[in-house]
Amino acid sequence: MGSTGTVLRELRGAQKSAKGVSLYSRYVNRPVGRVLAAGAYRAGLSPNQVTLISALFTYGAVASVALVEPSWTLAVLVYAALAVGFAFDSADGQLARLTGRGGPDGEWLDHVVDCGKLLLVHTAVLISFYRFGELPSQAWLLLPLGFQLAAVVTFCAGLLREHLGKAAASAQGPSWAATPAAPVSRVRAVALLPADYGVFCLVFLLLGAPGAFRAGYAVLAVVHTLFLAAFLAKWFRELKALRAG
């Protein structure tokens, strides 16, 4: 094995495209994930093991939200665990590209963990609202369900867009696939910040103030719903254009 510095340099050369990635993921989560991937490589861990470590941090934090009464201590611990879990979620793919040990099984496991995360984090908020929240109205219990719907549909629709786009590219031959990609947009990277999972995790720092947490969570729910509508329209147009092409 090379030195940690050598591994980090190799990881920098094995990054995914920054297109469609928010500033948080590009400048915070991926660099932290790179350090974790280098450590995992030095420790001899496989990408799938790193995925399971990510799940351990994330699901542990989610369980805490559902089972423990909100406090400022819980807020810090939950946010830290979610942020570390998200960084390990980046590290598994980076380690797979570095070692060449990635495959359909690893991609499948990563998506299963991600899907479970999106389902459970909003379920945990719903349980916390019900068990510990002095809600102004029972209608607040519908908020996590709506947020969950927006998050899961965005995730699944995005995966389908990627899969169907690749299938169309393969069917239309190398000339279509060789079309140059659009340059990375800094404006788009900033605009995507509210929809980034890492930014969403920040709201849990407000768990110690239930009213502020509900307000912040509600704002993010509205923002994610608006992003979902925009993404669905965009992806539908893109897939329709592929059919026409």
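A crossing is left-handed if the near helix is turned anticlockwise from the far one by less than a right angle, and right-handed if clockwise. The model is predicted: local features need pLDDT of at least 70, side-chain atom pairs count only at pLDDT 80 or more, and totals for chains, interfaces and linings use all residues. Residues are numbered from 1 along each chain as its sequence is written, and side-chain values use heavy atoms, with hydrogens and water left out.

**Exercise 1.** Determine how α2 and α4 pack and cross.

*Solution.*
Step 1. Helices are DSSP runs (H or I, at least four residues), numbered from the N terminus; α2 covers residues 23-43 and α4 residues 72-99.
Step 2. With axes fitted to C-alpha atoms over the stretch in contact, and angles from 0 to 180 degrees between N-to-C directions, the packing angle is about 65° and the axes lie 7 Å apart.
Step 3. That angle makes α2 roughly perpendicular to α4, the classes being roughly parallel under 35 degrees, roughly antiparallel over 145, roughly perpendicular from 65 to 115, and oblique for the rest.
Step 4. The two helices cross in a right-handed sense.
Step 5. Contact (heavy atoms within 4.5 Å) involves, among others, V32, L36 and Y41 of α2 and F86, F88 and L95 of α4.
Step 6. By class (Ala, Val, Leu, Ile, Met, Phe, Trp, Tyr, Cys and Pro nonpolar; Asp, Glu, Lys and Arg charged; the others, Gly among them, polar), this contact has 15 nonpolar, six polar and two charged residues.

**Exercise 2.** Describe the packing of α5 against α4 and against α3.

*Solution.*
Step 1. Helix α5 (residues 104-132) packs on α4 at about 160°, with the axes 11 Å apart.
Step 2. Helix α4 is therefore roughly antiparallel to α5, and the crossing is left-handed.
Step 3. F86, D89 and D92 of α4 touch D110, D114 and K117 of α5; one of these residues is nonpolar, none is polar and five are charged.
Step 4. Helix α3 (residues 47-67) meets α5 at about 10°, with axes 8 Å apart, so α3 is roughly parallel to α5.
Step 5. The α3 contact with α5 comprises 16 nonpolar, six polar and four charged residues.

**Exercise 3.** Characterise the lining of the second largest pocket.

*Solution.*
Step 1. The lining includes F129, F132, L207 and R214.
Step 2. Helices α5 and α10 (210-244) each supply at least two lining residues.
Step 3. The lining divides into seven nonpolar, two polar and three charged residues.

Definitions and conventions:
On a 1 Å grid over the protein atoms alone, a cavity is a set of points where a 1.4 Å probe fits but cannot get out, and a pocket is an open set with protein on both sides within 12 Å along at least five of seven lines; lining residues have an atom within 4 Å of a point.
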